[in-house]
Amino acid sequence: MFYRNFESTFYKWVNESLSKELPECIEGFSFNLIENFGDFSIELVGTASFDEDDQDWACDEIFEPNRRAISIPEKYSGLQWEICLDNMQTLLIDYMKSNEKGALVLQRAEGIGIGFVDGDLIVVKKP
């Protein structure tokens, strides 16, 4: 039950984040995970570039939603960053396969990545 609550929160957040007019020059979206004293959160940014061979594309931010980040409950993230990354990657992939409004926006991007801010980025969608 708790998982469903967070999944719904995530879906709603992404849908709301991508519902307003976006810059036409967005090439990619990055879902950045942040660990702060054992608590995890996820943020979304749009980027002006995408390059699978250069992870710095995720730093080329040109868009951020009104609510840039949301907290990930411990019951969903687990206590270890690896579990959090696995759970959030699975949730993002499931979301991208849906017919949600935000998922349709993400599907048109050149690339989508997820990862910790100071770590490697996992590309979950590429050209």
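Analyst: Let's begin with a definition: a residue is buried under 20% relative accessible area, exposed over 50% and partly exposed in between, using a 1.4 Å probe and protein chains only. Of the 127 residues in this protein, 43% count as buried. The model is predicted, so local features need pLDDT of at least 70 and side-chain atom pairs pLDDT 80 or more, while totals for chains, interfaces and linings use all residues. Residues are numbered from 1 along each chain as its sequence is written, and side-chain values use heavy atoms, leaving out hydrogens and water.

User: Thanks! What makes up the secondary structure of the protein?

Analyst: Four helices and six strands. Helices here are DSSP runs of H or I with at least four residues, strands are runs of E with at least two, and both are numbered from the N terminus. Along the sequence the order is α-β-β-β-β-α-α-α-β-β.

User: What makes Ser-77 count as buried?

Analyst: Its relative accessibility is 1%, so Ser-77 falls in the buried class. Ser-77 lies in helix H2, residues 74–77. Leaving aside residues up to four places away in sequence, Ser-77 touches Phe-40, Ile-72, Ile-83, Cys-84 and Asn-87; a contact means heavy atoms within 4.5 Å.

User: How do you know that Glu-16 forms a salt bridge with Lys-12?

Analyst: A salt bridge needs a side-chain nitrogen of Lys or Arg within 4 Å of a carboxyl oxygen of Asp or Glu. The closest N and O atoms of Glu-16 and Lys-12 are 4.0 Å apart, and the pair counts as a salt bridge. Both residues sit in helix H1 (residues 2–17), four residues apart, about one turn of the helix. Lys-12 has a relative accessible area of 52%, so it is exposed.

User: What links Arg-68 to Glu-64, and what links it to Glu-61?

Analyst: A salt bridge in each case: the N to O distance is 2.9 Å for Arg-68 and Glu-64, and 3.1 Å for Glu-61 and Arg-68. In general, side chains of opposite charge can pair when their charged atoms come close. Glu-43, Glu-61, Glu-64 and Arg-68 are linked in a network of salt bridges, and the whole structure has four salt bridges.

User: Why are Arg-68, Glu-61 and Glu-64 called partly exposed?

Analyst: Their values decide it: Arg-68 has a relative accessible area of 22%, Glu-61 has 37% and Glu-64 has 42%. Each is therefore placed in the partly exposed class.

User: Where does Glu-100 lie, and what makes it partly exposed?

Analyst: Glu-100 is in the loop between helix H3 (81–96) and helix H4 (101–107). Its relative accessible area is 29%, so it counts as partly exposed.

User: How do you know that Glu-100 touches Tyr-11?

Analyst: Tyr-11 is on the contact list of Glu-100, along with Asn-15 and Tyr-95, not counting residues up to four places away in sequence. Glu-100 and Tyr-11 are 89 residues apart in sequence, yet 7.8 Å apart in space, C-alpha to C-alpha. Across the protein, residues 24 or more positions apart account for 60% of the contacts with a separation of 6 or more.
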